[in-house]
Amino acid sequence: MGEKVLMKGNEAIAEAAIQAGCRHYFGYPITPQTEIAAYMAKRMPKIGGLFLQAESEIAAINMVYGCSSAGMRVMTSSSSPGISLKSEGLSYLAGADLPAVIVNAQRGGPGLGGIQPSQSDYFQATRGGGHGDYHMLVLAPASVQEMAELTVKAFDLADRYRMTCMILADGTTGQMMEPVSFDFVPGEPVAKPWATTGTKMERKHNIVNSLYLLPDVLEQKNIERYEKYEKIKETETMAEEFMVEDADIVIVAFGIAARVSKNAVIAARKNGIKAGLIRPITLWPYPEKIVAKAAEHAKQFISVELSMGQMIEDVKLAVDGKAPVSLCFRAGGMIPMPEQVYDAIAEADKKLKGGN
Amino acid sequence: MTREYLFAGFGGQGLLFSGKVLAYKALIEGKHVSWIPSYGPEMRGGTANCSVIVSDDPIGAPLISHPDVLVAMNLPSLDKYESEVKPGGMILVDSTLIERKVERTDVDVYYIPASRLAGEMGAPTLANMVLAGKLLQVVSEYDEENVGKALAKCISARHADLLDLNFKAMDTGKTFE
């Protein structure tokens, strides 16, 4: 193990991106992710990289588009309102099959909302965000160590599948400090024969574009993309399961909500309640098979979210009517405490036992 | 064992920093730690706090509703968090800045005139570190070598000249009776 250092989640993302070979960062400041930009501003010039504070989020995402077209590992980061501004660019990146890493340290919305942590951009992230038929890969870290590891993975996945990969964090995981070590190995670099790196008069021009005026060609392009998505669902889905095997009550939660829920599950087990936790690490692809498997024995699912209930729809799809799914939430920048989640578990347990 | 600390006061008093020193010291000792600030539209003079958890086991939620230890550096913080401290816990008060006494009788209370002590040693901005020194002493965690190492990690090279002064402030807190 390398030496562990104490770092904010946002800083860990930035350092991990550099270690993954990212030398180009374009961004625009917004709380609660500004530490990423600050870290990049400090480090990039020292290692021959580029930090650029664009004039707006829209400009930044289009710089990402250009940089990615040239085959570079590139990243941008923002928080909820800024991601909405970037959404047009996200759709264009998808339409041009360009790899890029996008960080969203979510804050409460809609609109300008607030600056406190939230998970209410789940729909936006997992359904693509912009217009058209497409998905992004979406990774949800729950610790500072995972912020680092998943950032490196995000670059690898993005290059391998020629897709945008979003790190869906939140204000808490971005602002908290935990020990982190950087002794992981980034994946092998992926060849990018499609990149616009100059023909050197040795090959035909590469064209990176998202415009297909012939509908049958565009349809075929979209079908191919969705075939790729199916493969990704088979191979890249990740989730952590905690005491799920014999659980009657299964909590499903990601990121900071999963951290809070784990405390509640441990407390419930101490009191003889068979509770468990599924923590999706990939939100797209969603670990639907893992949830479906738990639905073979669990009698109640509880989706714990920092939103009015968004992921709960994916839980319901995966559970497929085999058990009731309820919601335990705080929204608008509030965070559920373990006691609230415990109460939801205890109440569900009471109902289950009353029914027997 | 898990211990939860809440450092609360005005922005600019250095509570986020003393929390970080405590966390770094625990990290050096191989413990699990988390540190999380209140962040908001805050400014110098506004309220600020940070939560630090030190544990032998992996830490679940980094958030704290009922701290074992409260370090209060202004009256609004004591008013707000006194009732939240776990029974049997501790409250450390900068008695230069907070005139009232703690009302709870089920917690151990330490009154340290940290701002006065820091002023007397010629470093009025280091009241936070005086309190941190006392804090580590009362929880029997004051280890001179590791405190020094933690300070070295938390003080940037640019401010290396302040290392000794910070150490001295912590020592002042430790030895205050």
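Helix 4 and helix 6 of chain B cross in a right-handed manner (left-handed: the near helix is turned anticlockwise from the far one by less than a right angle; right-handed: clockwise). The model is predicted: local features need pLDDT of at least 70 and side-chain atom pairs count only at pLDDT 80 or more, while totals for chains, interfaces and linings use all residues. Residues are numbered from 1 along each chain as its sequence is written, and chains are lettered from A and ligands numbered from 1 in the order in which they are written.

Helix 4 of chain B covers residues 127–138 and helix 6 of chain B covers residues 163–175; the two pack at an angle of about 50°, and their axes are 6 Å apart (axes are lines fitted to C-alpha atoms, for helices over the stretch in contact, with angles from 0 to 180 degrees between N-to-C directions). Helix 4 of chain B is therefore oblique to helix 6 of chain B (under 35 degrees is roughly parallel, over 145 roughly antiparallel, 65 to 115 roughly perpendicular, the rest oblique). On helix 4 of chain B the contact residues include B:Met129, B:Val130, B:Leu131 and B:Ala132, and on helix 6 of chain B they include B:Ala169, B:Met170, B:Asp171 and B:Thr172 (contact: C-beta atoms, placed from the backbone, within 7 Å).

Chain B as a whole has 6 helices and 6 strands (DSSP runs numbered from the N terminus: H or I of at least four residues, E of at least two). Along the sequence these elements follow the pattern β-α-β-β-β-α-β-β-α-α-α-α. The C-alpha trace of chain B spans about 40 × 40 × 35 Å along its principal axes. Of the 177 residues in chain B, 46% are buried (buried: 20 or more other C-beta atoms within 10 Å of the residue's own; exposed: 12 or fewer; partly exposed: in between; C-beta atoms placed from the backbone). Among contacts in chain B between residues at least 6 apart in sequence, 56% link residues at least 24 apart.

Chain A contains 12 helices and 14 strands. Its radius of gyration is 21 Å, close to the 21 Å given by the globule rule for 356 residues, so chain A is as compact as a globular protein of that length. The principal-axis spans of the C-alpha trace of chain A are about 75 × 50 × 40 Å. Buried residues account for 54% of the 356 residues in chain A. For contacts in chain A between residues at least 6 apart in sequence, the share joining residues at least 24 apart is 79%.

An open sheet of 5 strands in chain A has the order 9-11-10-13-14, with mixed pairing (two strands pair if DSSP finds at least two bridges between them). Strand 9 (239–242) and strand 14 (325–329) of chain A are the edge strands, each pairing on one side only. From one strand to the next the twist averages 20°. Within this sheet, strand 10 (residues 249–252) and strand 11 (residues 275–280) of chain A run parallel and are joined by 4 bridges; A:Gly276 in strand 11 is the bridge partner of A:Val250. Helix 9 (residues 255–270) of chain A lies across strands 9, 10, 11 and 13 of chain A, and runs at about 165° to strand 11.

Strand 4 of chain A (residues 74–78) is mostly covered, with 5 of its 5 residues buried. One side carries A:Val74, A:Thr76 and A:Ser78 and the other A:Met75 and A:Ser77, and both faces are covered. Strand 2 (residues 24–27) of chain A runs parallel to strand 4 of chain A, joined by 2 bridges, and A:Tyr25 stands opposite A:Met75. Strand 5 (residues 100–106) of chain A is also parallel to strand 4 of chain A, with 4 bridges between them; there A:Val101 is the bridge partner of A:Met75.

A:Gly130 lies in the loop between helix 5 (122–126) and strand 6 (137–139) of chain A. This residue counts as buried because it has 20 C-beta neighbours inside 10 Å. Leaving out residues up to four places away in sequence, A:Gly130 touches A:Ser87, A:Glu88, A:Leu90 and A:Ser91. A:Ser87 and A:Gly130 are 43 residues apart in sequence, with a C-alpha to C-alpha distance of 4.8 Å.

The contact between the chains takes 18 residues from chain A and 16 residues from chain B. On the chain B side, helix 1 (15–28) and strand 2 (32–37) are the elements that give two or more residues. Strand 2 of chain B gives the most to that side, with 5 residues.

Methods:
Two residues are in contact if their C-beta atoms, placed from the backbone, lie within 7 Å. The radius of gyration is taken over C-alpha atoms; the globule rule is 2.2 Å times the number of residues to the power 0.38.
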